[in-house]
Amino acid sequence: MNGAARDATALWAVLSDSIDGLTAPLIADEAATSAAVAAALDETLGAATGDDIVLLSFAGHGTSDHRLVLHDTDIANIPGTTIGMDDLAERFRLSRARVVILILDCCFSGGAPARVLDLGLVPRDIGIPLSMVSGNGRILLAASAQDQPALEDPQTRHGLFTKAVLDCLFEAEGAVSIVGLIDNAFRLVRAAAHRLGYEQTPVMFGHVEGDVSLPRGVKGVRYRAAFPERGVIHTTGDFQELAGYGIEQEVLDAWKENFPNGLNTLQKAAVNDHNVLGGTSLLVVAPTSAGKTFVGELAAIKAISEGMKAIFLLPYKAFVNEKFEDFSALYGERLGLRIARCSGDWQDQVGEILRGKYDIAFFTYEKFLGLSAAAPYVLNQLGLVVLDEAQFVTDPGRGMVVELLLTSLVSAKRRGISPQIVALSAVIGDTNRFEHWLGCNLLQTNERPIPLRQGVVDRTGIWQFLDEAGAVQSEQILDRWAVRQRGQRQSSQDMIVPLVQKLVADGEKVIVFRNARGLASGCAQYLARELGLPPAQAVLDELPDGDRSAMSENLRAALEGGTAFHNGDLTRDERIAVEHGFRAIDGGIKVLVATSTVAAGINTPASTVIIVETDFPGAGGPLPYTVATFKNMAGRAGRLGYETEGKAIAIADSQSDQRQIFRRYVQGQPEPIRSSFDDGNPGTWVVRLLAQIKNIDRGAIIDLLSNTYGGYLATLRDANWRTRMIPRLEQLVGRMIQQGLIEEESGLLRLSILGRACGESPLSLESAMQAVDLVRRLPREEANIENLLVLIEALPERDADYTPQTRGAGEAVWQQEAARRFSGNVSGLLRVGAGSDREHYARCKRALIVRDWIDGKATSEIETRFSANAFSRVGHGDVRGYADGCRFLLESVVRIAAIILGTAENPDEASALYKRLELGVPVEVLSLVHARVVLNRGEILLLWRAGITTLPALSEMSSAECERIVGTRAVALIEMAVLLTRQMT
């Protein structure tokens, strides 16, 4: 048995470190004979007086007739070489101690990894009941009921019960009452046992007058000596000190160049206090700009230095591309590491990742979940997983994906696969035992390298804010006369303009957060007119040309006045140009107006941020910001190395609004982490979890759910949760068998081929079954990939995508247009499952927009055609969103169709359509799409219209001709095209 001596040593060390003057015997391993233990009991209990509290703990084997097994126990003489409950009861009765507490982490029934000695016989008498050991002033805390096993955790090598007691002591803020300890520890044990597929419910016998408490647990001298952290090299912040971890000098030199001040406080704590470079998993919760991302970077390089691989999981494709480019420049080009990415882009390096030909890889959440389900062996390669923006586990839309991919990592520990996990989260409230579920240490701080003052200003110009000490202060930040009505009625513009004017005049860089794309664009344009700043010419010169959207024109107008906006209607190249222009000291952009995505990780620090709205527009009415959303926006204020503090200023229309915003958001605490698991609708969870394994016993489905974070929390809340869920899961499994998703053989369940296609897809179970139904209704001769692309719009995920529509019957025109452009069967199937005519029209409209996009229609033409008016406008962000949404689901629908129809997938055909959806180009110009000649959509379409559709044709153009058609950027591309053409020939 691995953990018994560890348990005894840990409790002895923690209590000895925590209680001044305590000298307690520790009896472990060979010393723990029946005679030695009996002598220690007699000495301790015999010496106790009426004022004393005696605490005893035992970790080890138990027998089924309630006896404690010692090192010298002889199976041939069980009564004479063990300690029975009757022996303990008599000793407790004779002791004069006021209170005797016995912590018993052993069991009296069978089951691996249970702490029971198998005697090979059935005792006639189960002996003295456990309750007889207790009584008034005598408390017995048993790890399990008398018919249950007491389990060990194979990862921590502690008994579940002892580990729970230790966790409760370590996490306490002060003294811990025995009653509170027991309640908390019992819930933790029950939840942990369920994750191992067992029932273990600790029990307490006895009572005591008054409250009995234990001190808060301290990891002091004895604990550190008994459990030294592996390979800890304490650092003062100098990168050179990390050489002892085996990190190459070239890396240390590169870090020193990028961060001349060395490691900051947060990063030193991760190394020194949490041993992140020694392989300890860690959850880091810290404000924006606190330096948490570099903690993951440190751990990644350490893993690679030991011959392992590291992956980063990120929420958005844009983040994946940004990190890929940053790491390629530093670690790839300079240090020779192999950097890969997998984000759903046509340039993804999936093949290299599957073959293990990478050192660091970047994934979106969804792509990693899909890849690890389809090719689980990729987990075997990993030494480190960095989950960035871990707070997304609470997101209603993305939380399931984050939780499922983490569940696959947690569950893999049973198979001996246990990569280090570094989870990085923006500011959140209570972690709600998230780190316990992950098996991570917790490093949580609200400290920022740049102090932040955040508050609310109203139309009087008075800014009420919290200072660094948390005290409420007020300042007249604007003159009263400066706030005046600038339009036909009062609006936020009345305050935004003078406030930004003042801040820019003081030499600050400002981000203004707006809650909608149109508001961001409009705000940037009126600020450009009012501020009178010089043009951001460097950014204007960097913007792509050739396929301008309405927002492209608006951006250019804003940049002419030294401002910019950042929203989903801009192309990737336009957003990158804006980000570079705002970050750079001489980039020319003084004011950036942005939607909330800038707060979610894009590197655009400002001196001051202004938060105009505190809710998002929604179809059912405004959706208030969470406190965490507000705090993350506020956290963008304060440029490290440029300011001594940052300011976050929310705008209120009145003094009453100011008080409300101040109380709710400025003084409010961020929401706790929670799970998005819905035990009332577990179908999607079950099919996704089954996709992570080969087969499972029918009765063990509940264990899959218990392994999720949601199942873990549910077990903590409700001891009967598993019992209530089992019949619900039985009904679900029965339906899935009838639907052909699950096969059963000899009591084992496994996903069918169709079920695995559904489980490994990003589709909900409802959508997967809708896709199955649509494919079965489609005539076989019409089941080509472009028709499947149209039918994707009839899935629930696509119905959830907002589609601008006018009121009345005007939208019916898109049904008529769809009937003309698509076959009758395909357009007719767009009605299947539609909840209303408007929903049907929206499906038709989206399908037509996507078709125009891949046919190479100009973005401005698509926007004009499908926008009814200024209030129902289809922008470039909508067009790209619809194309990306279809592309995200297309692979799964094609796979489902191939299974149902019994046809082979055509990978070349699929690859071509994926590229067209990504780039928005017709099939005739796909030969111009090359990883080493990165042309944007506008350039490709301009060449197409000029009759240039292949790389050889491009290479034959003169530089002057190329520049005339697509601009100066094309000269370098011509040279690359010539080189590629020669290589191919």
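Contact here means heavy atoms within 4.5 Å of each other, and buried means under 20% relative accessible area. The model described is a predicted one, and two of its regions are treated in turn.

**Helix 31 and its cover**

In helix 31, which spans residues 813-821, the buried residues are W814, E817 and A818. They cover an arc of only 100° around the axis, which means that they lie on the same side of helix 31.

Four strands form an open sheet in the order 1-4-5-7, and their pairing is mixed. Because strand 1 (53-59) and strand 7 (203-205) stand at the edges with a single partner strand each, one side of each is left without a neighbour in the sheet. From one strand to the next the twist averages 10°. Strand 5 (residues 138-142) pairs with strand 7 in the antiparallel sense, over three bridges, and within strand 7 it is V203 that stands opposite A142.

Two helices that pack on this sheet are set out below, with the strands they touch.

| Helix | Strands touched | Angle between directions |
|---|---|---|
| Helix 5 (residues 160-171) | strand 4 (99-105), strand 5 | about 130° with strand 4 |
| Helix 6 (residues 178-195) | strand 4, strand 5, strand 7 | about 155° with strand 7 |

Strand 7, an edge strand of the sheet, is thus touched by helix 6.

Key: Residues are numbered from 1 along each chain as its sequence is written. This is a predicted model: local features need pLDDT of at least 70, side-chain atom pairs count only at pLDDT 80 or more; totals for chains, interfaces and linings use all residues. Side-chain values use heavy atoms; hydrogens and water are left out. Two strands pair if DSSP finds at least two bridges between them. Axes are lines fitted to C-alpha atoms, for helices over the stretch in contact, and angles run from 0 to 180 degrees between N-to-C directions. Buried means under 20% relative accessible area, exposed over 50%, partly exposed in between (1.4 Å probe, protein chains only). The arc is that of the directions from the helix axis to the C-beta atoms.
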